[in-house]
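Let's take a friendly walk through a protein model together. Keep the picture open beside you and look for each part as we come to it.

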Amino acid sequence: MGTRVISDIYLLKRLHCRLNRNLFFSSERTLTLRGDTYDPMYSDIPKPPSKKSERKPYPTPMKVLIQRAKEEREVRKAQPVRMLEEPPDNGLLVPELVEVARRVYQARGSLLFGLSKLVQVIPVQRCRFCNEVHIGHVGHEIRTCTGPESGFRSATHVWRTGGVQDVISFPKCFHLYDRVGKPRVGHDERYTVPRIPAIVELCIQAGLDLAKFPTKRRTKPVFSIEGRIVDFESVAGKEETERSKSCENVGSTVDSSVWIKPKENTKNSGLEDGIRYLDQSSDEERNTIRELSIQTLDSWFEMALGAKKIMEKYIVNTCGYCPEIQVGPKGHKVRKCKASKHQSRDGLHAWQEATIDDLVGPNYVWHVQDLSRSSLVNNLKRYYGKAPAVVELCVHAGAPIPDQYRSLMRLDVVPPDRDEVDLVA
């Protein structure tokens with residue numbers, strides 16, 4: 001009996017040691033995650049895939065997509081020939097989104113104009129080997145570089161002067177003349193079909209008319225015959241007259257070479273003079289830059305919210321492994337994907353539903369509370385916040401901090417000084 005008790009005690013001790021060992025390794029794993037790029041503190045920031053072979057997450061769950069496909073298949077079997085009634089699937093425009101598309105296009109132009117002036121006042125740094133961007137006079141010292149030979153540099157960045165294209169990115173896609181009749185661009189057409197910013201293509205399909213990029217506008221809905229789109233509307237000379245009329249109207253209302261609203265030209269010219277010329281007082285120049293930053297930030301919000309509203313009706317597809325994007329009901333067939341597993345797809349993209357971040361790259365950067373202070377330290381990165389580069393640039397130019405980014409920028413956290421690294425890290 002005593003021997004059995006001793007053996008039970010011995011087994012309990014071994015079990016206790018195993019549990020302590022598992023707890024030790026799990027806590028050590030948690031600590032290493034905090035020091036890694038994917039810090040749990042920044043869970044509200046969209047994370048890049050941890051591996052290059054990892055696919056982007058689906059905005060809509062796969063079960064919902066499968067259920068939708070089954071329902072469409074059943075409707076197709078029950079009614080092989082039917083007229084599509086819901087725009088924009090039937091080739092017609094959504095009336096309430098036409099004005100939204102025009103405002104988004106004008107907001108994009110005003111945003112680019114404001115950023116082109118603000119980067120002359122607030123310096124922008126860009127890593128030479130990766131896509132990291134920093135707003136400030138000196139680049140940060142956080143070791144997150146993933147470029148070539150980053151291991152020899154201990155993942156430190158090599159900074160150079162950046163520009164507007166580093167603050168915000170607008171990925172390009174193929175322009176579709178007929179988004180319903182011919183929704184796909186073939187591989188042999190990759191050099192003949194023009195590529196324009198995807199957000200501009202989204203505005204064009206939603207009702208914006210640009211003379212440089214004509215598109216087909218229907219007056220009657222199309223038919224679906226066993227899943228194939230058939231247009232019975234006769235458009236011989238009628239289409240050409242309507243296109244010429246629309247181009248003439250566009251010339252008087254919207255011009256692709258004009259970025260901002262005509263009524264804002266006088267105001268923006270005054271802002272440009274206030275930034276360029278230094279003969280004014282410092283207070284006036286500061287107020288001028290502040291007004292420009294507020295206007296630029298408002299344009300960014302208007303563009304993002306309008307584009308997100310349009311994407312609820314107009315389909316936008318992106319590749320699950322690379323940044324390629326295509327506005328339209330289907331993705332193109334150009335075989336140029338070089339991401340993971342592209343050999344098994346013969347270079348074709350793995351299309352899936354896109355998000356607003358795929359359409360307009362926010363490019364998150366580390367938030368700096370004071371540009372006059374020293375650069376950010378790698379050992380204290382857990383105390384720093386992040387923000388989209390546009391927001392960070394406008395905030396340093398004088399715009400008020402948006403409420404939705406206060407938590408993301410960690411404004412309630414007081415980061416330690418450089419000489420306090422050993423005390424807190």
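Which residues of α10 are buried? They are A389, V390, V391, E392, L393, C394, V395 and H396, where buried means under 20% relative accessible area, exposed means over 50% and partly exposed lies in between, worked out with a 1.4 Å probe on protein chains only. Because eight of the eight residues of helix α10 (residues 389-396) are buried, this helix is largely enclosed by the rest of the structure. Helices here are DSSP runs of H or I with at least four residues, strands are runs of E with at least two, and both are numbered from the N terminus. After α10 comes G398, with a positive phi near 125°.

Before going on, a word about what you are looking at. This is a predicted model, in which local features need pLDDT of at least 70 and side-chain atom pairs count only at pLDDT 80 or more, while totals for chains, interfaces and linings use all residues. Residues are numbered from 1 along each chain as its sequence is written, and side-chain values use heavy atoms, leaving out hydrogens and water.

Now find two other helices, α3 (residues 95-118) and α8 (residues 282-311). Their axes come within 8 Å and cross at roughly 145°; axes are lines fitted to C-alpha atoms, for helices over the stretch in contact, and angles run from 0 to 180 degrees between N-to-C directions. Sorted by class, the contact of α3 with α8 has 14 nonpolar, seven polar and five charged residues. Here Ala, Val, Leu, Ile, Met, Phe, Trp, Tyr, Cys and Pro count as nonpolar, Asp, Glu, Lys and Arg as charged, and the others, Gly among them, as polar.

Next, turn to the strands. Three of them form an open sheet in the order β1-β7-β8, with antiparallel pairing; two strands pair if DSSP finds at least two bridges between them. At the edges are β1 (81-83) and β8 (228-230), each pairing on one side only. Three bridges join β1 to β7 (residues 223-225), and M83 stands opposite F223 in β7.

Finally, look at some backbone details. Most residues other than glycine have a negative phi, and most peptide bonds are trans. Yet a cis peptide bond joins P87 and P88, with omega about 5°, and P88 is found in the loop between β1 and α3. E149 is not a glycine but has a positive phi of about 55°. E149 is exposed, with a relative accessible area of 59%.
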